[in-house]
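Please look over the sequence and the structure shown here.

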Amino acid sequence: MPSTALAGIRILDLSRVLAAPLATQMLADLGAEVVKVERPGVGDDSRTYGPPFAPGTDTAAFYLSCNRNKRSVTVNHATAEGQELIRALAVRSDVLVENFRTGTLAKYGLDHESLLELNPRLVYLSVTGFGQTGPYAERPGYDGVFQAMSGMMSVSGHPEEPMKVGVSMVDVLTGLYAATAVLAALRHRDVTGEGQFVDLSLLDCGLASLSHFAMNYLVSGEVPTRRGNGGYGGIPSQAFLCKDKPLFLVAGNDKQFTAFCAAADRTDLLQDPRFATTSARIAHREEILPVLEAILRTRTRDEWLAVLDEHDVPAGPFNEMPEVFADPQIQHRGMLVEVDDPVSGRLPLLANPIRFTATPVGGYSAPPALGEHTAEVLHSLLGVTQDQLSELRGRGVV
């Protein structure tokens, strides 16, 4: 039995920046062999997205966030010889992932139709801003654009100001959709023997992620309003300022609200028909929130967290990054790992959050230096000799 879930799967990764590299990193964590193809001398654009950079290097932390457990090979796809190398690698791969603008790789004979002819079992995933079809198909775009266009910003922020989610959330979510799509296509390939083309759009993924916000609009026709740090579920479900610091409190159903009232020594609220049920609290949102704000200001954040925990009421602090990684639960779950890097020494990385019983996520390797594995991969997979490699380098192919 394989020791990892995707042992034996090879992925040819032609992607750059964030969304697609996150997907291939996920698949690499799960045991797939990922060969990352980069431009000679330049590499993935995100290598330069710093500071900060890895200690002693010119590799940005941004690149490190989505390229662990991969091998880096440099190939210039704009040259005829480079195109032949990529075709040869694609024939020996199970999956190809790319995120060039629509139509770009077709100019070099590296589009899905060309490569599926050579390898009918190939799963070819293309991640683009707007997809392969439609009036915007050839437009460029980045995460912020898609947060705006998908409606994500329309439901984020304060009532008077739409806001972008701080993290590149559409990229992250698209990476998860992409990894899921690859797994489904591999399952289909294993059953039928046929590969396929997967067309994934960041705009589509951004809209799909609106989930119940979009569904509420489709059912009711009412445009969602922005509520800052307030939620759309039961009341309360939002941030509150305590005597010293804020916390986030969720007591959205009747059981939790009853427990909150006991913790706050305000069981009288349960006798008020405006606040006695979940639906009543939602209907009287503007009346109950000032009452709750006044209650929460009577104690410090840590005092509230202790008493709310005693009463089994969901709540948590607003952690800055140092507090996140000092949290005992985060530490217990092993969400911070360190790997050996030949230049930086011990390099901290975020761990994969998936916990398997039969095929656990294996060890972690540092994100590769540019072209670190060119000779190794081209020799082992394509039989390229050292003399041939030297000639290719002299001509700017690798």
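Thr-74 has a relative accessibility of 8%, so Thr-74 counts as buried, the cut-off being under 20%. The model in which this value was computed is a predicted one. Thr-74 lies in strand β3, which covers residues 70–74. Leaving aside residues up to four places away in sequence, Thr-74 touches Glu-38, Arg-39 and Pro-40, then Leu-370, Gly-371 and Thr-374, and also Val-397 and Val-398.

Next comes helix α11, residues 285–296. With 12 residues at 1.5 Å a residue, α11 should span 16 Å, and its end C-alpha atoms are 16 Å apart, which agrees. The buried residues of α11 are Arg-285, Ile-288, Leu-289, Leu-292, Ile-295 and Leu-296. Viewed down the axis of α11, these buried residues fall within an arc of 125 degrees, and therefore they line one face of the helix. What do the buried residues of α11 pack against? Their partners are the strands β9 (237–241) and β10 (246–250), together with the helices α9 (254–263), α10 (278–283) and α12 (301–310).

Helix α12 has its own set of buried residues: Arg-301, Trp-304, Leu-305, Val-307 and Leu-308. These pack against α11, and also against β10, α9, β11 (315–317) and α13 (321–326). After α12 comes Asp-312, which has a positive phi, near 60 degrees.

Note on methods: Residues are numbered from 1 along each chain as its sequence is written. This is a predicted model: local features need pLDDT of at least 70, side-chain atom pairs count only at pLDDT 80 or more; totals for chains, interfaces and linings use all residues. Side-chain values use heavy atoms; hydrogens and water are left out. Helices (H or I, at least four residues) and strands (E, at least two) are DSSP runs, numbered from the N terminus. The expected span of a helix is 1.5 Å times one less than its number of residues. Buried means under 20% relative accessible area, exposed over 50%, partly exposed in between (1.4 Å probe, protein chains only). The arc is that of the directions from the helix axis to the C-beta atoms. Contact means heavy atoms within 4.5 Å.
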